[in-house]
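Visitor: Hi, could you walk me through this one? I'd like to start with how the chains meet.

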Protein chains: 4
Amino acid sequence: MLRNDVEFKKSLQDGRRVFYEGAAVSDVTKHEILKIAINHASDLFKWQNQKQYSSLLVRPDNEYGNISAFYAVPKTTGDLKERFDVIYETTRLGRGMFNIVKAIGSDAMFALMIVSRIIDNEFKTNYSERINKFYRDTVQNDLALSVAQTDVKGNRVLRPSEQPDKDMYVRIVERRDDGIVVNGAKAHTTQSVASNMIIAIPTRNMTEADKDYAVAFAVPPNAKGVSLISRPMKASESAIKDPSLVIGNNNAENETLTIFDHVFIPWEHVFMAGEWKYAGLLASMFPTYHRFTAIAYRAAMGDLYLGLGKLIAEHNGTSETSNIRRNIVNLMTYKETLRLAGIGAAEYAEMDTQTGIYVPNRVYTNVGKLFANQNYLDSVKNLVDIAGGLASTLPHSSDLNNPEERELLLKYLSGAIVNKTEERIRLISTVREIISSYGALFTSAMLHAEGSIEASTIELYRSYDYSESKKLALFASGVVDKL
Amino acid sequence: MLRNDVEFKKSLQDGRRVFYEGAAVSDVTKHEILKIAINHASDLFKWQNQKQYSSLLVRPDNEYGNISAFYAVPKTTGDLKERFDVIYETTRLGRGMFNIVKAIGSDAMFALMIVSRIIDNEFKTNYSERINKFYRDTVQNDLALSVAQTDVKGNRVLRPSEQPDKDMYVRIVERRDDGIVVNGAKAHTTQSVASNMIIAIPTRNMTEADKDYAVAFAVPPNAKGVSLISRPMKASESAIKDPSLVIGNNNAENETLTIFDHVFIPWEHVFMAGEWKYAGLLASMFPTYHRFTAIAYRAAMGDLYLGLGKLIAEHNGTSETSNIRRNIVNLMTYKETLRLAGIGAAEYAEMDTQTGIYVPNRVYTNVGKLFANQNYLDSVKNLVDIAGGLASTLPHSSDLNNPEERELLLKYLSGAIVNKTEERIRLISTVREIISSYGALFTSAMLHAEGSIEASTIELYRSYDYSESKKLALFASGVVDKL
Amino acid sequence: MLRNDVEFKKSLQDGRRVFYEGAAVSDVTKHEILKIAINHASDLFKWQNQKQYSSLLVRPDNEYGNISAFYAVPKTTGDLKERFDVIYETTRLGRGMFNIVKAIGSDAMFALMIVSRIIDNEFKTNYSERINKFYRDTVQNDLALSVAQTDVKGNRVLRPSEQPDKDMYVRIVERRDDGIVVNGAKAHTTQSVASNMIIAIPTRNMTEADKDYAVAFAVPPNAKGVSLISRPMKASESAIKDPSLVIGNNNAENETLTIFDHVFIPWEHVFMAGEWKYAGLLASMFPTYHRFTAIAYRAAMGDLYLGLGKLIAEHNGTSETSNIRRNIVNLMTYKETLRLAGIGAAEYAEMDTQTGIYVPNRVYTNVGKLFANQNYLDSVKNLVDIAGGLASTLPHSSDLNNPEERELLLKYLSGAIVNKTEERIRLISTVREIISSYGALFTSAMLHAEGSIEASTIELYRSYDYSESKKLALFASGVVDKL
Amino acid sequence: MLRNDVEFKKSLQDGRRVFYEGAAVSDVTKHEILKIAINHASDLFKWQNQKQYSSLLVRPDNEYGNISAFYAVPKTTGDLKERFDVIYETTRLGRGMFNIVKAIGSDAMFALMIVSRIIDNEFKTNYSERINKFYRDTVQNDLALSVAQTDVKGNRVLRPSEQPDKDMYVRIVERRDDGIVVNGAKAHTTQSVASNMIIAIPTRNMTEADKDYAVAFAVPPNAKGVSLISRPMKASESAIKDPSLVIGNNNAENETLTIFDHVFIPWEHVFMAGEWKYAGLLASMFPTYHRFTAIAYRAAMGDLYLGLGKLIAEHNGTSETSNIRRNIVNLMTYKETLRLAGIGAAEYAEMDTQTGIYVPNRVYTNVGKLFANQNYLDSVKNLVDIAGGLASTLPHSSDLNNPEERELLLKYLSGAIVNKTEERIRLISTVREIISSYGALFTSAMLHAEGSIEASTIELYRSYDYSESKKLALFASGVVDKL
């Protein structure tokens, strides 16, 4: 059953404990700032009921009828390509802002489906059944999900069990007949405030000493003991005072510090509880899916930057200047390299033999992700190099509304294209939005979301099959005679 | 006569026409946001009257008694080194924020002193006398100055006289017995709102057809026909709601679009009026001084980033991690390369033979400036790579004040250093400030202020003396036998 | 009819006029150095007759029976993927050295098939028939081809017809009833000495004034007036004195300056003769195919560097060191990004509607090519950073044969892997070969072969469809309401 | 007593045991290839006796009369500046090739003078007296010195005493009344074949278990048990067949694997023997001097590349092309940043209080060194991007001598400058020499000589004084109130 935006919003009015800038938020759908993140999420529910987007966002399913395209389990390489497009296009519809509430949850569920089967095989557990049941509930009720993975970590060079404060990683503090009790906190939980369930999974591999930290579960945001402390959303705070900032006024996601204070989780929602050997596998299987998601939404962001760069260059009259051309080609390369990574990751996906689920090619996914991390700020540099100093010093949109100023501004901010000064102003203003109040989110997220540069490096280094390359090196060096 | 901060602020209450976010500002010293920029500028006047900074900020002068160190004309390489330190240290005192109101004006006056002499020699004009008189007034009255150089430019591939709208570059529209009348607009005028006089100079070389655009002058901000339209200062707008953001609450500079609508300039304040042959020389002499200033203040910014990076790494427990070490050394290299450029530019400065004024070495100045432009965002990347995702998702300072949240936050945001969680939070919060609301200013200014990458490239390319290098190439290639 | 290596070599003994280091070469197959390039080319003929490579190198064709896989005209995206593999695998079989003599000629023929049809449509010419006949001859006789595109150019900022010496670009100097006479010289003709026919095509777009330069043709290397002046092949010159250098002793390609001194070309081998409007199209259609070829062989080179890096790191005991890990992941990224570009360029190839021939996706091909150019030397840096100073200072292989030295060398050059010192030596020696005598070829070719950085930049800039990106930018900026 | 080149060469005919490409070398001054390295070294002795270079190369000394400028102990910052110039200018005189035989030895002696005093203070040893005596001998006899520091290291992650083969680092195997006996091997000993004494010092810090490896000494190359196994000098091997390659025919340095097989060292030449606590200090003090030397010679190499790039651009007609301009400015920046580092390292040198000897500023020296390492291959890329494909495919110089080819070559290799085709050819040929047979030396040495990127990174990271930067970060974050 595909919900609409009204139903979705209503489902969030459930007493969840949310704080924004030091104040408790009684209803996230009505909070001046948070509602922008909620509205952004609700767009996914609105669009899926609109005819022009149904082929993009809705998939027929034998069992459940029409389901959200995000929740279609990838059973072919083609399914992964379609998944890439769903994320790419919804990000474009969101004005370059990713819309996460169905993507990330499915990334986690696919990973859990695969890993739970492996755990069940070894430990005769029934996690697989549980996650499949959870998946069914999600699909049938068309839920929005968030995923909490990154623990707060305390001293980062100590393992979970070595921390002076044992709660620096989320852990099981009590095992009961009917479930477990967990304690701890996860950082950076995107759109927890806009989700119906939070899925928590481990953030790293574990040793036996860490086994209480090998825990995965789902929990509703309004569960007792769950607190969601929001980051300040500066972009939207600025935007509500500036109607020209259409991104910040309409498209934003929120992150919370998500605290679990002795939260009870019934067994049906527990997907790992002590099987420390597989914490690392789950901790890396989810990112494989989620980094595939990331290269799709980042390609769409790249599309925005490319469009801004090209249009502003035309407005400035510099679009045939050699150095500006290089800037634009760099923006193009950013976008298209990510698309290439998506194409390759889908085309060379590997099927998990037990479940038949396709996993994006790990090498291509991480090559793309690493490229995105490494080069994001270079894209910003190229974009701002094109836009010029006005990206900082442009007057405010309300200056255009003041009749004393308007004529002067239209005269002096005109560029090479006659009668399109307001378009030029809006485009440069969007660049400013990206590097200003959105800057913290973008700069930090492009480097850290879905795993840092070091994390992707290690993943690639360890998972790569070097055998062919080594054979060639030995052959070319005359150590062996044949390839 | 060295003024104090109170006198300085009072001098700005002169009826200047200023707009901020669409509203006219009646008194810049009292405007909720603009006053932060005014206060920042006033610090220079406060410090120079404090004993601990007098050796840094005050210089004895034979003619004028104690004068501001900024206004000491560089007559030795040592003077330039001291000038570097004055700018470096006042930027550090400004919490990493440059304090421009005496630096930029002296940069322009030194350039005008040199160029006016050359013009006078050729055209028998008396510009030299005028600028020296202006300098005396400035020093004796301890004025704050701003400089307006970058014209709005319209279509950037057309010369001034080729623009459809002739006012796209500031120009002389009337020559009268008592002075000239100018029209046009300059972008990005830093701290015009906090200055007693605005100096305007050409932004590029000119041809004979452009001769009305070869104009340099000084004008008080409250002159009839001058309008100052401010950029929105998002960093300070955020900061006034967050007492933890001490930079944005105390240290900010402002930029305006500075419009001249038939403004009359008496001859005594006109320093170039049609001598188009020397517009290019002035347009590049000022940046030589001002880029020297830039590498000094950017080195101080680099110092801040390095300190933040190192401290946060220690808080995170990652300071001995190989990849974090590289990040920190990159930050160090950014700062120290700029200091090296400053040392070399001073040490190898060239004396203008007619005036005895020292000009910072053009090659080293531009090498440093280009390095700063090219690598600023890489510094940001290194800093954010160290700081982690919290640089985006850290809760607001007011969350720490809410007793319901405080304990949880102190518990879960603790790092590797016991009992210093609040310090960790403040440091990461400062990183966020840098990349968030300050992001537009920093990103754009680091790429464009004092000239873009392309501008410094061309300057270096043209001014470099290749003769030694060519001789070596010919010798090493066997074309000539001797070096 | 697929030839074997003996037949191939024999076909080169045809009296072609070749110079090597100042001496005329009477028989290229017997020249001490040139024969290495000939042998390298002959491997393609040898392999195609060996069972284990037949599925890779031979394709059944309805008309001609078994043909070389290189000559299979791409009629589906799958054909292009197979073509990528053929080039990638033969490069690996060539110890990382590309084997060009069938690849480049087919790249040119495919381009000529498409462009000739367009010209014929407009000018009622019969070029299409001629190139198809030439293709048939090539396939049926299993010929080796070289392509001469880059003119010597004289003063590079002047167009062909503006050059003081009119022969700086190859041109038609006479039109006769039976054909044309051409003059001029082409630089960098790879493996002309090992080819049965040379195809010459224009290197740039032309204006009407340049119409004599709009010329494409095929000519046998032994035609009257053709001179082939070889570059010195330092890598092979070194290798013949060092049996451990198996690449240089077995796998090398040659380049010549190819001079046409009043060479007569019969009409059947003329594929363009004055149709200047289409010179640019041909000049860019061939590189599209050839850059696709390039990313395939460069991926294979990348595979070699990755294998060398990983094995040497293991020998040095540094394979788990954080900085070495980054080096290795950079090598991996180089290789795999090129593979991604190949996958995308094939998958999103476009069919030429008139001929049904598939053209590799121009954006992905150039994105890959540009990446390869921009990052090649960075790969070298990573490889040498791993290998250490021995990549320069390793003793010669003959030192190992001197009993006085052998034991000492085996003792002191041992690494972390016991009893594999000779393997370590050979691997590091291969790195040295790559950066030493092969350095000129690789460094220069990786930057310039198949088009420089600037060439690929301009191609991308001009051919890209910005419409989607612009729409997004306008939507995100609030200029339009819908995507 | 300043020797001349004849005396110098004669001093090398002393029966030293040298191997080149598997053959014993009876007299290094007469060996076809090695003599090029000897001649290169002998230039220093020749020049110092020529009037035009005496002010550069000779210094009056109170005690010893005229001494080599290289051996002047730096007692002021000015001395270090002069030292920079001596190295910079002699490298230029050597056609861009560093001339090491007096520089490196003095670098080591200065370091030993300082460290020996510290050791003597703690252990009441008399190393200080010994090194001063050694210094006197060196100066008075005007000796050439080489320095052997880098041990062969075996498994690089094991400490010296942990290696399976105990000789992987040079060590004391016997302590006798009259001296010590050492065993082991040092890699990359530059110009040992052209030196009168070899100084050996530790390559890293040591623990107590490693104390036999904490050894420093001097030894003549012809001492019993010393073997010098040369690397193959491909650049000179190529050059002797090509008279146009004036660098390789005249200017080359040699490296050996230097093996100590139970070599006896009398006490007077032992400068450290077990004082493991100070092995690390010596291992880092020498590189501080030697990296200062490095930035000087690399600046001179940069000067060569810049000259080549600019001249070739002019020959190609591309010197006003925007992308080529960027290439040239990058080359300029490489050279000038190194000069800046030299200026700063000298200007901010620190005096060792016990000896009065000046040590180049450690931060600026390493910042410069790291810059040189990180950006060398980027310089090559810029140079080759300018030079074009001919940097690979240019014919051999002997082709110009063949009358059949000469006219064609001069016609077709002409560029934008009339009548200077041979100059163009020679310049491009020099680029080829740099990236071809010299490629291994340059690529590897620029990354590894005087310490790798990782080594300089760690040195900087550890030696930097972060206190100012931290204070600023705390102040700007509001943690402290005052700077």
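**How the chains meet**

Guide: Happy to. In this predicted model, 69 residues of chain A are in contact with 68 residues of chain B.

Visitor: Which helix gives the largest share of the side of chain A that touches chain B?

Guide: That is helix α16 of chain A, residues 439-448, with 8 residues.

Visitor: And how many residues on that side of chain A are nonpolar, polar and charged?

Guide: The side of chain A that touches chain B has 28 nonpolar, 28 polar and 13 charged residues.

Visitor: Why can you say the copies meet through the same surface?

Guide: Because 99% of the interface residues of chain A are also interface residues in chain B.

Visitor: Let's go inside a chain. What domains does chain A have?

Guide: The domain assignment gives domain 1, residues 5-276, and domain 2, residues 281-471, in chain A. Their C-alpha centres lie 24 Å apart. As for contacts, 42 residues of domain 1 of chain A touch 36 residues of domain 2 of chain A.

Visitor: Which helix of domain 1 of chain A gives the most to that side?

Guide: α5(A), with 10 residues. Helices that each supply at least two residues there include α4 (77-93) and α7 (234-239) of chain A. By class, the domain 1 side has 23 nonpolar, 10 polar and 9 charged residues.

Visitor: Switching to chain C: what is the span of helix α6 there?

Guide: Helix α6 of chain C covers residues 127-141, and its end C-alpha atoms are 21 Å apart. That agrees with the 21 Å that 15 residues should span at 1.5 Å a residue.

Visitor: Which of its residues are buried?

Guide: In α6(C), the buried residues are Tyr127(C), Ser128(C), Arg130(C), Ile131(C), Phe134(C), Thr138(C) and Val139(C). Seen down the axis of α6(C), they fall within an arc of 165°, so they line one face of the helix.

Visitor: Why would residues spaced like that point the same way?

Guide: An α-helix has 3.6 residues a turn, so residues three or four places apart point the same way.

Visitor: What do the buried residues of α6(C) pack against?

Guide: Their partners in chain C are β4 (65-68), α5 (103-123), β5 (145-148), β9 (215-219) and β12 (270-273). The face of α6(C) turned away from the buried side carries the exposed residues Glu129(C) and Arg136(C). After α6(C) comes Asp142(C), with a positive phi near 50°.

Visitor: Where does Glu21(C) lie?

Guide: Glu21(C) is in the loop between β1 (18-20) and β2 (23-25) of chain C. Its phi is positive, about 45°, although Glu21(C) is not a glycine.

Visitor: Is Glu21(C) buried or exposed?

Guide: Glu21(C) counts as buried because 21 C-beta neighbours lie inside 10 Å, and the cut-off for buried is 20 or more.

Visitor: And what about His188(C)?

Guide: His188(C) is a residue other than glycine with a positive phi, near 55°. His188(C) lies in strand β7 of chain C, residues 179-190, and is buried, with 24 other C-beta atoms within 10 Å.

Conventions
Residues numbered from 1 in each chain as written. Chains lettered and ligands numbered in written order. Predicted model: local features only at pLDDT ≥ 70, side-chain atom pairs only at ≥ 80, totals over all residues. Helix = DSSP H or I, 4+ residues; strand = E, 2+ residues; numbered from the N terminus. Expected span 1.5 Å × (residues − 1). Buried ≥ 20, exposed ≤ 12 C-beta atoms within 10 Å, placed from the backbone. Arc of directions from axis to C-beta. Contact = placed C-beta atoms within 7 Å. Nonpolar A, V, L, I, M, F, W, Y, C, P; charged D, E, K, R; others polar. Domains from an automatic or database assignment.
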